[in-house]
Amino acid sequence: MRAAYYERFNGPVTIENLPDPSVPEDGVVIQVMATGLCLSDWHGWKGDDADITLPHVPGHELAGTVTAVGKHLKHWQIGDRVTLPFVCGCGGCPQCLSGNHQVCDHQFQPGFTAWGSFAEYVAIRYADVNLVRLPETMDFVTAASLGCRFVTAFRAVADQGRASAGEWVVIFGCGGVGLSAIMIANALGARVVAVDITDEKLALARAVGAAETLNGRAVDNVVAAVHDLSSGGAHVSVDALGHPQTCFDAISSLRKRGRHVQVGLFQSEHRHPKVPMDRVIAHELEILGSHGIQAFAYNRLWAMIAAGKLQPEKLIGRTATLAEGIAQLVEMDRFDQTGVTVIDRF
């Protein structure tokens with residue numbers, strides 16, 4: 001199979017002909033029809049993820065067709081059109097038994113704990129627990145664009161942040177996760193303040209549901225500006241970028257008893273950022289992480305898409321070849337792409 005491949009962190013990423021994956025006894029092999037390009041892939045390539053063993057094939061946002069089925073599988077067959085969350089739960093640990101597959105004690109992550117989907121084929125473990133059947137009306141590119149970004153944003157805003165109608169939600173960073181969070185918060189009836197440093201991204205943020213936008217480079221005090229726009233501070237804040245400054249500002253932008261959700265990953269040297277703990281204590285703020293979504297939670301997402309409340313296809317910026325995707329992967333820290341890139345030609 002053709003696949004993107006690297007042998008050292010921060011090193012060259014090349015296209016190689018590699019052996020096709022073997023089907024796991026508890027899993028499947030999927031022919032990848034589309035795979036999203038995510039900042040998490042860049043973090044992995046940089047060496048920020050301890051789960052990656054070299055050499056490696058990246059990619060974790062995928063949709064495709066089942067081509068082989070393990071002997072212990074019960075619910076899937078060759079030809080099924082599927083996607084999956086990027087964190088695959090084992091189904092038997094205490095976390096999975098409580099319904100929290102996204103923090104499974106033995107999780108399988110394509111593109112991190114195993115070779116991923118920047119390839120013609122990918123092997124997936126724990127398939128009975130984690131595969132998600134695609135609606136007949138959904139194409140592979142849109143399904144792949146949901147990847148970790150849209151579904152992670154969905155759980156972050158709807159479940160962890162508990163955003164509701166009439167509340168103010170401030171979202172720092174208008175990349176794939178941030179734009180997804182904006183669309184989702186708006187669909188839930190919340191009013192969104194979108195913060196970024198690029199006017200083009202802020203224009204797209206307005207197009208997908210932001211009530212207010214704020215260019216962080218155009219104001220002297222971002223936190224004060226958010227408090228002004230939201231009439232006293234946001235009820236929910238989301239750091240969709242993963243930087244010490246955006247994390248600090250997002251928490252500081254909350255009103256009393258607000259909820260902060262951290263979605264953006266930090267580079268290794270920034271993993272322990274400064275937190276305004278005095279404000280957290282005095283204002284009784286909540287700080288929450290969000291790490292993926294459970295497979296069973298897709299049903300609510302499918303229903304909102306079918307009803308027209310969510311339109312994830314609007315967030316797709318471009319489709320690309322595998323070679324074009326590799327070129328973009330190694331430059332993702334420039335943050336100069338608007339919308340989601342999906343690889344659909346291998």
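Predicted model: local features only at pLDDT ≥ 70, side-chain atom pairs only at ≥ 80, totals over all residues.
## Helix 4 and helix 5

Two packed helices are described by the angle between their axes and by the distance between those axes. Helix 4 spans residues 140-160 and helix 5 spans residues 176-187. Their axes lie 8 Å apart, and the packing angle is about 50 degrees. Helix 4 is therefore oblique to helix 5, since the range for roughly perpendicular runs from 65 to 115 degrees and roughly parallel means under 35. The crossing of the two helices is right-handed.

On the helix 4 side, the contact is made by R149, F150, A153, F154 and V157. On the helix 5 side, the residues are G176, V177, S180, A181, M183, I184 and A185. By class, this contact of helix 4 with helix 5 holds 9 nonpolar, 2 polar and 1 charged residues.

## Helix 4 and helix 10

Helix 4 also meets helix 10, which covers residues 298-306. The axes of helix 4 and helix 10 come within 11 Å and cross at roughly 95 degrees. That angle makes helix 4 roughly perpendicular to helix 10.

Helix 4 contributes L146, G147, F150, V151, F154, A158 and D159 to this contact. From helix 10 come Y298, R300, L301, W302 and M304. The residues of the contact divide into 9 nonpolar, 1 polar and 2 charged. F150 and F154 of helix 4 take part in the contact with helix 5 and also in the contact with helix 10.

## The second largest pocket

Rolling a probe the size of a water molecule over the atoms shows where empty space is left. The second largest pocket holds about 160 Å³ of space. Its lining includes P135, T137, M138, D139 and T142. Also in the lining are W302, I305, A306, L310, Q311, P312 and E313.

Helix 10 gives the most to this lining, with 3 residues.

## H106

H106 sits in the loop between helix 2 (94-97) and strand 6 (121-124). Leaving aside residues up to four places away in sequence, H106 touches C90, C93 and Y126.

Notes: Residues numbered from 1 in each chain as written. Heavy atoms only, no water. Axes fitted to C-alpha atoms, helices over the stretch in contact; angles between N-to-C directions. Helix = DSSP H or I, 4+ residues; strand = E, 2+ residues; numbered from the N terminus. Parallel < 35°, antiparallel > 145°, perpendicular 65-115°, else oblique. Left-handed = near helix turned anticlockwise from the far one by under 90°. Contact = heavy atoms within 4.5 Å. Nonpolar A, V, L, I, M, F, W, Y, C, P; charged D, E, K, R; others polar. 1 Å grid on protein atoms, 1.4 Å probe; cavity = no way out; pocket = protein on both sides within 12 Å on 5 of 7 lines; lining within 4 Å. Points joined across faces, edges and corners; volume = space filled by probe spheres on them.
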